[in-house]
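Have the structure open while you read, and try each task before you look at its solution.

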Amino acid sequence: MSKVPALQRTIKILNFISSKGRCSAAEIINGLQIPKSSAYLLLEELKSYQFIKQDQNGDYFLWIKLVELGELASNCFDIREIAKKHLARLTNNTGLLTHLGILDNKTAYYILKCESHSTISVRSYVGKQVSLYRSGVGKCLLAFQPSEKISEIVNQLSFEQKTTNTIMSISSLHTELAKIRQQGCSFDNEEDYINIRCIAAPIFNAQNNIAAAISAVGTTFQITDHVLPEITIKIKECAKDISKELGCLMYE
C-alpha cells in the first residue's frame with residue numbers, strides 16, 4: 001500500500017500512457033481501475049504541467065516536460081561520468097577540492113565532488129545548492145546563459161551579505177558576469193565564506209551551450225595570489241578537455 005496514493009496513481013497513469021503511445025481517458029480508467037473523478041483530476045494536473053497532452057481525438061500522449069527531464073537526467077549522467085576522471089586529475093594536480101555543478105532551472109547544485117588528500121579541508125557535499133552571486137560555480141553557470149535568462153534570474157535574486165566581499169546589487173552582478181564571460185572563468189574571493197576562495201570554469205556541450213561548470217576550492221592559505229594564475233590555467237584546461245569530450249567544437 002502506497003503512503004502517497006495520488007502520486008502512485010499519477011505514476012501508473014504515465015506508465016500506462018507510455019505503454020500505449022496514445023490512449024483515451026476511458027482506457028486509462030478501465031485499465032488502471034482508477035475512480036473517474038480522480039483520474040480526470042490527475043490528467044488535468046499532468047496536462048497543466050506539460051507532462052501529457054491531448055490530440056484532436058482527445059487521446060492522451062506523453063509531452064514535452066518528460067523530454068526535458070529525461071534530457072536533463074541523461075546530460076547529468078553523461079557529464080558526471082566524463083568529468084570524474086578529469087576532476088580526479090585536477091585534484092591531484094592542485095591538491096584542492098574540486099566540484100562539478102549544474103544549473104537546474106534557476107538553482108545551481110554540485111553533482112560531483114572530488115576530495116583532496118590535503119590536511120586542510122573545506123566542507124562540501126554532492127547535492128549542495130550554491131549561490132548564483134556568491135559562489136564561483138554559481139556565477140560561472142549564470143554568466144554563460146542566454147541574456148534573457150540571465151536577466152530573468154538576476155532580477156529575482158535576493159542579495160544576502162555573507163562577507164564584506166559579497167556582491168550586493170544587480171548592477172554589480174551584471175558587471176561581474178560580463179567580466180567572467182571575457183576572462184572565461186569566475187572567482188569567489190571570500191564572497192561566500194571568509195578565508196575560502198574558489199576558481200570555476202564553464203563546460204560546453206556539442207551545441208556550444210553551457211552544460212556545467214567545474215571548480216577548485218581551497219582556503220586563502222592554499223589559493224594565494226602567487227599560485228592563483230597557475231591554478232586558474234589548470235582549471236580552464238580541465239574544463240576545455242571535458243567540453244571536448246562532450247562534443248564541443250569551440251576548442252578544436
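The exercises below go from the whole chain to single residues.

This is a predicted model, in which local features need pLDDT of at least 70 and side-chain atom pairs count only at pLDDT 80 or more, while totals for chains, interfaces and linings use all residues. Residues are numbered from 1 along each chain as its sequence is written, and side-chain values use heavy atoms, with hydrogens and water left out.

**Exercise 1. The whole chain**

Task: Describe the secondary structure, extent and burial of the chain.

Solution: 
- Start with the elements: the chain has eight helices and eight strands. Helices (H or I, at least four residues) and strands (E, at least two) are DSSP runs, numbered from the N terminus.
- Next, take the box along the principal axes: the C-alpha atoms fill roughly 70 × 40 × 35 Å.
- Then turn to burial: 43% of the 252 residues count as buried. Buried means under 20% relative accessible area, exposed over 50%, and partly exposed in between (1.4 Å probe, protein chains only).
- Finish with the contacts (heavy atoms within 4.5 Å). Among those between residues at least 6 apart in sequence, 56% join residues at least 24 apart.

**Exercise 2. One side of a helix**

Task: Which residues of helix α6 are buried, and what do they pack against?

Solution: 
- Pick out the buried residues of α6 (residues 147–154): Ile150, Ile153 and Val154.
- Check their directions: they lie on the same side of α6 because they cover an arc of only 95 degrees around the axis. The arc is that of the directions from the helix axis to the C-beta atoms.
- Find their neighbours: these buried residues pack against β3 (97–104), α5 (136–143) and α7 (170–183).

**Exercise 3. Salt bridges across the chain**

Task: How many salt bridges does the structure hold?

Solution: 
- Begin with the idea: side chains of opposite charge can pair when their charged atoms come close. Here a salt bridge is a side-chain nitrogen of Lys or Arg within 4 Å of a carboxyl oxygen of Asp or Glu. By that rule, the structure holds 13 of them.
- One of them joins lysine 106 and glutamate 152, at 3.0 Å from N to O. Lysine 106 is in the loop between β3 and β4 (107–114) and glutamate 152 in helix α6, so the pair ties together parts 46 residues apart in sequence. Lysine 106 is partly exposed at 29% relative accessibility, and glutamate 152 is partly exposed at 39%.
- Another joins lysine 139 to glutamate 176, with the closest N and O atoms 2.9 Å apart. This pair links helix α5, which holds lysine 139, to helix α7, which holds glutamate 176, over 37 residues. Lysine 139 is buried at 0% relative accessibility, and glutamate 176 is buried at 19%.
- A further one pairs aspartate 225 with arginine 197, with the closest N and O atoms 3.1 Å apart. Aspartate 225 lies in the loop between β8 (210–219) and α8 (228–245) and arginine 197 in strand β7 (residues 196–204), so parts 28 residues apart are tied together. Aspartate 225 is exposed at 60%, whereas arginine 197 is buried at 12%.
- Last, look for shared partners: salt bridges join Lys139, Glu176 and Glu191 into one network.

**Exercise 4. Backbone angles in loops**

Task: Where do glutamate 190 and asparagine 208 lie, and what is the phi of each?

Solution: 
- Keep the background in mind: most residues other than glycine have a negative phi.
- Glutamate 190 is in the loop between β6 and β7, and its phi is positive, near 55 degrees.
- Asparagine 208 is in the loop between β7 and β8, with a positive phi near 60 degrees. Asparagine 208 is partly exposed, at 33% relative accessibility.
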